Amino acid sequence: QMCIRDRIASSTKMMAATVVQQLADEGKLRFSDPIANHLPESEASTLNVINGQDLTGHVTVRDIVAHTSGIADYYQSKRLPKTGDLETISRDDPGWSFEEALDLARELPSRFPPHSGKAHYSSTNYQLVGRVIEQVSGFSLGNELQRRIFDPIGMNQSCLLTTNNLDEFDNASQVQVSKQKYLGAKRIASLGAEGAVISSLEDTAKFMQSFFAGDLLSPTSRENLLGNGLPVFPRVSYASGVMSLDLPRVITKAFHAQGLLGHSGATGHLMFYDPIEKLTIVATINQLSPSTIPYRLLAAVLRILNSR
């Protein structure tokens, strides 16, 4: 049986947050730690500046995992143009380094002081999450994902795309930008913990089931990631690496109002779990635009299931 693999984009974040929780369970870090405890000053300074005051020293591990750091989203400066030869533009993009991502974030205005009761979805946060994982563990992010998540639960079709295994990009299903091919292997490899995992629907289903069954985290640790969500998008709140999606019951025909828990990615990938029905839904459309299609697909699937 041939297994189709996909670029799961930001669904990577939930896996990275799970690794952070495991490191916390081992006593290697605390969510309340300032990120400056784990990163050199060159990386943990001038990322959140409000009224001329550098507040980066107040940014905690929780803040970067939960998008409450107030640090600007560097990826705003890296988005593909809306028009033009996107196949060539994406293919020829050399990608960027962690340091470049931080420098781009520093050029943008900070959103708010850390942990001020607000959340802003920022890719910079997960660039920092990946670096904290590497600094605390002493191993590469790809290594930590492999030994802590992929290997223990049998995710045999999954890996982190890096500059060292770019051929894996071509072994995954083709992503489109409207009718053009997206060929940005080096762009994806630059994303790290924010979105560089390549996986399959079978593997992401395993991850979701294992996450909620307690195979990766204890119930207490899982609840630590699921608590205190704040709104980041319409009908989406964000806890610590986990989205809670509130689709209207009139659309899904659901019998209850419980939110779906999980994550989605810009490639049209989604993985969500209904904790009441104990139902896991994973899907992808391999389409970068428009971004609402996967949610429409999810609503349609739920409507069919709930109409039976």
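**View 1. Y121 is a buried ring, at 14% relative accessibility.** Buried here means under 20% relative accessible area, exposed over 50% and partly exposed in between (1.4 Å probe, protein chains only). This is a predicted model, where local features need pLDDT of at least 70, side-chain atom pairs count only at pLDDT 80 or more, and totals for chains, interfaces and linings use all residues. Residues are numbered from 1 along each chain as its sequence is written, and side-chain values use heavy atoms, with hydrogens and water left out.

View 2. The whole structure holds eight aromatic pairs. In one of them, Y121 and F233 sit tilted, 5.2 Å centre to centre with 50° between the planes. (Phe, Tyr and Trp rings, the six-membered one for Trp, pair with centres within 6.5 Å; planes under 30 degrees apart are stacked, over 60 edge-to-face, the rest tilted.) The partners are 112 residues apart: Y121 is in the loop between α4 (98–106) and α5 (123–137), F233 in strand β8 (residues 230–233). Helices (H or I, at least four residues) and strands (E, at least two) are DSSP runs, numbered from the N terminus. F233 is partly exposed, at 37%.

**View 3. F207 and F211 make a tilted pair, with centres 6.0 Å apart and planes at 45°.** They're four residues apart in helix α9 (residues 201–213), about one helical turn. F207 is buried at 0% relative accessible area, and F211 is buried at 0% too. Together with F212 and Y273, they form one aromatic cluster.

**View 4. Charges over rings.** R7 lies over the face of F169, 3.6 Å from the ring centre. K13 puts its charged end over the ring of Y126, 5.7 Å from the centre. To count, NZ of Lys or CZ of Arg must be within 6 Å of the ring centre and within 35 degrees of the ring normal.
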